[in-house]
Amino acid sequence: MQPEMQPVADIQLPAAPAVKALACPACGGSVELRAAGYSVSVVCQYCSSILDVADPQVKLIAQYNQAAEALEIPLGSRGTLRGVEWEAIGYMQRSAYGGGAWDEYLLFNPYHGYRWLITDGRGWSLGEQLTVTPLRDDYETLRLGNQTYQRFYEDSTARVDYVLGEFYWRVAVGEEVVGADWARPGAMLSREKNAHEVSWTRSVLLTHKEMADAFGVRKGASWPPMPHQPSPNAAWLGMGFKIFAGMFLLLAVLILAFGGTSWTSAGRFPVAPDGSERTVTLGPIHFGHLYQRVEIRADVPTLENGWVDLDYSLVDRRTQQVYEAYGAAERYSGSDSDGPWTEGSRGSSVSVASVPAGDYDLVVDYKGNRWSSGSLYSPRYVGMPEDLGWMTPVNKPEVVVEVRTGALFLSSFWIALILLGLPLLIGLIRHIQFDKARQAESDFAPTGFAALGASEDDE
Amino acid sequence: MSLSFNCPNCGAEVVFRSAALPARVCGYCHSLLTRNDGGVMVVGKSSPLPFDVSPVQIGMRGRIEDQPFEVIGRVRWAWTDGAWNEWLLLFGDGSHAWLGDAMGQFMLLRERPFSEVQTRTLKDIARGKEAMPGAEITLDARKLAIVDARDVICVAAEGELPFTPTTGWKLYSVDLRGAKGECATLQRDALATTFYQGQYVTLADLAPTGLRAFEGWALPAYAA
């Protein structure tokens, strides 16, 4: 038999009251129940007695007679976190044996259930109990969805030191669970075990502004960092490395686009034995890129104890625009008490930046020179047979000129990369310092950058 | 085909929408009624439901697993350390499922014949053995772990139901959970063992309309 779905009737029931008031059996104070039907225990805000509200007959579980502590977030206050309004309904102060203490507020919204607000005096985290179990990648790594968490705190017993407000279980001061934690930047996974149950909670770190806007809390201590506090440098370091890589790629592309050619011979020409200045015109030389750096290299194979002055003029055949450069090759050798020596080089290399595309003539004005040690006179005027040295025609002294085009502005790109790289390096150092401080509280071996420099026998 | 009767106790109109759901609680006098070939008879009286702030209510509609549903019944169960609601969802195809509503989390569970559940551990529990929290079973090639085992008691009920929810009815209830949000419950009393299987869902997953409104709380965006 097919049942009939009744037509959608507008359910216009008046809004139900959200709060149920009950009288504390110990002090008679009016206690407000904010999650009626879910709450099992309520701690009276007037006398701190613990009441059982699991069924309509309210029972006194533990009678105390002490005023409630003033809380940073008064119970009953509401705040909106990430789009959902929450009411603080319970508060627990907990501590770990041999460890620190922390505060946990239980938040409730009838449509969204429960969350936790957790703080150890530094930042605040919003915790949600999981309905799935994280997967174990390895002993120290858990996986939830596509995120991994590194083990941070080892199993340790956590104790309830103080409670106030209402809870969905039978709460008791002195109640113990065994907790362990895993962390990743911005979030933690916590496992709590008691004799009956294992539960997992994922808590995400809230910004100070989020918490200030939602519950008006003061800013906590900011150092040392919390286990799941993201490094302030990590975010921009990642972006920085991307920019750096992008610049590097751009550079590579530019080198290819404005890239250089290999050395090609422009010509060779003899050096006048008498040392007179001469001019040769080499070319045409074609430059294909829009702009290029032109490198000119001269080699004087027979040069010895002398020098060659080289004045280059690159002349654009079309525009007659001239690009000039000056070079010299000089080389000396001899022998003294320390043995033979040489100085200088037979080659010379110069460059001209930003030469536009076109056909060029390379005009070289050059002059060979000879150096004579100790002689102050010029042999030409005394009519003696001249010692022509390296410039003697027997040597066939000549200059070999080669030309190539280099990548344009290459040096500026390197400077840009260094300027980009320097802050990256500083950021990286600060990130490592942060991560070392963050992991200093961990019960486990440092991981990632913080493991740098940590030797194995620290364990 | 839905059948309409008058409550033998107070005369109010009571509707039975499915032969699979022969029990109901009269919405006016809380009489426990069962339907048979001869008509409707009173078999007891249900306690009134205690006030709670569950967002679900009779008449809430929604859609899940590509099926529309309506909430038509509810049983409230309690154990020594708390209480929770099991809402009965009637689907468009005539099937029904339970929506567990405990500690702010929801479980969608469908009954499965226990004869299909061929695991030694669960059969032992059905025969009267105590369940061991932490013990793992494999069902349909999936691992489920026993997370809880306790005596539960029926507190109150409303609407249409597949069984008569006698106040004070005691069951031994065993909860199981898997790593991916799968869950299951085995319930045993002196007469029979029932098995329910499903998964955790969120209220948003149910695409609900007709959620219960509370003073001072805004309905969630998807239901407003």
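How many salt bridges does the rule find across the interface of domain 1 of chain A and domain 3 of chain A? The rule finds 1 there, a salt bridge being a side-chain nitrogen of Lys or Arg within 4 Å of a carboxyl oxygen of Asp or Glu. This is a predicted model, in which local features need pLDDT of at least 70 and side-chain atom pairs count only at pLDDT 80 or more, while totals for chains, interfaces and linings use all residues. Residues are numbered from 1 along each chain as its sequence is written, chains are lettered from A and ligands numbered from 1 in the order in which they are written, and side-chain values use heavy atoms, with hydrogens and water left out.

**Interface of chain B and chain A**

- Contact, defined as heavy atoms within 4.5 Å, involves 56 residues of chain B and 44 residues of chain A.
- About 4,200 Å² is buried between the two chains, and carbon and sulfur atoms give 57% of that area; buried area is the accessible area (1.4 Å probe) that two parts lose on being put together, summed over both.
- B:Phe51, B:Met103 and B:Trp217 supply 19% of the area that chain B buries against chain A, more than any other three residues.
- The rule finds 1 salt bridge across this interface; the side chains of A:Arg170 and B:Asp81 meet in a salt bridge at 2.4 Å, N to O.
- On the side of chain B that touches chain A, the elements giving two or more residues are strand 7 (67–79), strand 8 (82–91), strand 9 (96–102) and strand 12 (142–161) of chain B. Strands (E, at least two residues) are DSSP runs, numbered from the N terminus.
- That side of chain B has 27 nonpolar, 15 polar and 14 charged residues. Ala, Val, Leu, Ile, Met, Phe, Trp, Tyr, Cys and Pro count as nonpolar, Asp, Glu, Lys and Arg as charged, and the others, Gly among them, as polar.

**Domains of chain A**

- Chain A is assigned domain 1 (20–230), domain 2 (264–372 + 382–408) and domain 3 (421–458), with bounds from an automatic or database domain assignment.
- The C-alpha centres of domain 1 and domain 3 of chain A lie 31 Å apart, and their contact takes 16 residues from domain 1 and 9 residues from domain 3.
- These two domains bury about 1,200 Å² between them, 58% of it on carbon and sulfur atoms.
- A:Glu441 and A:Arg122 meet through their side chains in a salt bridge of 3.0 Å, N to O.
- Across the interface of domain 1 and domain 3 of chain A, 6 residue pairs are in polar contact, both at pLDDT 80 or more.
- Strand 13 (residues 147–167) of chain A gives the most to the side of domain 1 that touches domain 3, with 5 residues.

**Backbone geometry**

- A cis peptide bond, with omega about 5°, joins A:Gly283 and A:Pro284; A:Pro284 lies in strand 18 (residues 278–299) of chain A.
- B:Glu65, a residue other than glycine, has a positive phi near 55° and is placed in the loop between strand 6 (61–64) and strand 7 of chain B.
- B:Asp66 lies in the loop between strand 6 and strand 7 of chain B, and its phi is also positive, near 65°.

Terms used: Helix = DSSP H or I, 4+ residues; strand = E, 2+ residues; numbered from the N terminus. Polar contact = N/O pair within 3.5 Å; in protein donor to acceptor, adjacent residues only side chain to side chain.
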